[in-house]
2 protein chains.
Amino acid sequence: MTVTLLVNGQPPADPAHAIAAEDRGLQYGDGLFETALLQGGQVRFLDDHLRRLQEGCERLGFPAPGGDVLRAEIARVTASVRDGVVKIVVTRGAGGRGYRPAAGLRPTRIVALYETPPDLSARSISLRWCETRLGRNARLAGIKHLNRLEHVLAQAEWQGGFDEGLMLDTEGEVVCATAANVFVVGDHTLVTPDLRFGGVAGVMRRQVLRAAPRLGLPVTEEPLWPHDIESAGEIFVTNAVRGIRSVAALGTLRWDHYPVADKLRTALKV
Amino acid sequence: MTVTLLVNGQPPADPAHAIAAEDRGLQYGDGLFETALLQGGQVRFLDDHLRRLQEGCERLGFPAPGGDVLRAEIARVTASVRDGVVKIVVTRGAGGRGYRPAAGLRPTRIVALYETPPDLSARSISLRWCETRLGRNARLAGIKHLNRLEHVLAQAEWQGGFDEGLMLDTEGEVVCATAANVFVVGDHTLVTPDLRFGGVAGVMRRQVLRAAPRLGLPVTEEPLWPHDIESAGEIFVTNAVRGIRSVAALGTLRWDHYPVADKLRTALKV
């Protein structure tokens, strides 16, 4: 449930009527989002979230809201709150009919505070393989855009019994979990999909990419296939809100010790 | 410019504040749309638009609004208006954070009337090839869902000099124009991409598929490649609002007579 909501810096008189029907975020998914953890009054990894948002705006070709503006709005929705989830949505703005963006649109900013999810401290989780595939598109790969029907359909595949699902692209490469990146531990190395054709370059993924070499763990980004996942000695998934979660089960496969993920959790304090 | 707008059957007090920020259409592009021509007080091919909308809802797994409800709302936004464009957006509804659809959401309906585009009677147009590719996804192919960033980026590639752009998928197959389907005339046959991996099964495309055999023109849906387009004796594109438009130019290629498209335009009165 939303606790607080700002649309272009204003609290809407009625949150059920906050956005223009003509907003291109609604009409075409023409925008981006970020989801960050508020922890002890601080938004974790905020710089990285704002950097990715800015890169996404550049990729879609519209002006990014100023970081100072977003920081101020985040401060307002989180004022006197210690813990929660901050979601930022930025769209190209409202106006016009037709795919071509009209000139001079003013991007829409939505900054909202949600409650912390209940299962935040889980150390290990159970995965499944999703049937829904991800289409390939290098131009959209890495950014956290609003075209997320594939992820919606993937999560709608199951209701209980699993915490997450791994997704393949249409050529059968492993891309990500529905709402997380995935890492496998090889022979003294860490490997994660390279996201050249899809997936989101996650903020927690970035922390792991930076921290692992400092811990003596070389890390590579490269194509991964289901066999690489299923034959790994250790697997974990990463998400900016949920941190690093070890995979205890994938279908009928089981894992029960997580030394690399434990080391990263300790180092990153997540 | 929007003339009239209904959201769930109500005219919003302020169209700039019509939709919940939590609407899944905005958050994830989790919905569908239709764009139909209002002509002489009648919505052209309305049955086909409503059928495709219903099929899209089934594919995405949420209840379609009743056809009677939508017809009544269309009648209200078009009352006493002779000509225009009717746009319908249906989303899974508002609520929750996270890709998984919560149970029991109530779909959002937006019915809006726009002015008729100025260039409606153009018989022939000029095309270009777009650089932006379409990702492949059989589960989303054919329906007119709200995940349209690829089309937005494709139309943003050019500003003037061309009326439309042809799009390839990531494997190089021709799928469609940015906002139209494409047909090529072969040796006494008509061919259009089969849309097994992407594209929208257009309402005007459907009219052509039905009418062509009656006019002695066998028509097939099959994979098409750029060479098939560029070597064709005649090409046309179809769109529910703009009808059938012959291709006079594609890059440096030129065509100047359009017997098959003319025959179809006459037969279909478009």
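Guide: Let us stop at Cys176(A), which sits in strand β8 of chain A, residues 174-177. Strands here are DSSP runs of E with at least two residues, helices are runs of H or I with at least four, and both are numbered from the N terminus. Please keep in mind that this is a predicted model, in which local features need pLDDT of at least 70 and side-chain atom pairs count only at pLDDT 80 or more, while totals for chains, interfaces and linings use all residues. Residues are numbered from 1 along each chain as its sequence is written, chains are lettered from A and ligands numbered from 1 in the order in which they are written, and side-chain values use heavy atoms, with hydrogens and water left out.

Is Cys176(A) buried or exposed? With a relative accessibility of 3%, Cys176(A) counts as buried. Buried means under 20% relative accessible area, exposed means over 50%, and partly exposed is in between, using a 1.4 Å probe and protein chains only. Setting aside residues up to four places away in sequence, Cys176(A) touches Leu134(A), His151(A), Gly165(A), Leu166(A), Met167(A) and Val182(A). A contact, here and below, means heavy atoms within 4.5 Å. Further along the chain, Leu195(A) is 19 residues away from Cys176(A), and the two C-alpha atoms are 8.6 Å apart.

One of those partners, Gly165(A), deserves a visit of its own. Gly165(A) belongs to strand β7, residues 164-168 of chain A, and with 0% relative accessibility it counts as buried. Apart from neighbours within four places in sequence, the contacts of Gly165(A) are Arg128(A), Cys130(A), Trp158(A), Cys176(A), Ala177(A) and Thr178(A).

Now for some other stops in chain A. Asp262(A) is found in helix α7, residues 259-268, and with a relative accessible area of 24% it is partly exposed. Along the chain Asp262(A) and Arg123(A) are 139 residues apart, yet 8.9 Å separates their C-alpha atoms. Phe45(A) occupies the loop between β3 (42-43) and α2 (46-60), and its phi is positive, about 60°, although Phe45(A) is not a glycine.

Stepping back, you can see chain A as a whole, with seven helices and 14 strands. Its radius of gyration is 19 Å, close to the 18 Å that the globule rule gives for 270 residues, so chain A is as compact as a globular protein of that length. That radius is taken over C-alpha atoms, and the rule is 2.2 Å times the number of residues to the power 0.38. Along its principal axes, the C-alpha trace of chain A spans about 50 × 40 × 35 Å. Of the contacts in chain A between residues at least 6 apart in sequence, 73% join residues at least 24 apart.

Then there is chain B. A rotation of 180° with 0.0 Å of shift along its axis superposes chain A on chain B, with an RMSD of 0.0 Å. That is the relation of a two-fold axis. The same surface serves both copies, as 100% of the contact residues of chain A recur in chain B. The superposition is done by least squares on the C-alpha atoms of residues with pLDDT of at least 70 in both copies.

Ser80(B) lies between α3 (67-78) and β4 (84-91), is exposed at 82% relative accessibility, and has a positive phi near 65° without being a glycine. Ala138(B) is in the loop between β6 (124-129) and α4 (149-155) and, at 47% relative accessibility, counts as partly exposed. Beyond residues up to four places away in sequence, Ala138(B) touches Arg59(B), Arg196(B) and Phe197(B). The C-alpha atoms of Ala138(B) and Arg196(B) are 5.9 Å apart, although 58 residues separate them along the chain.
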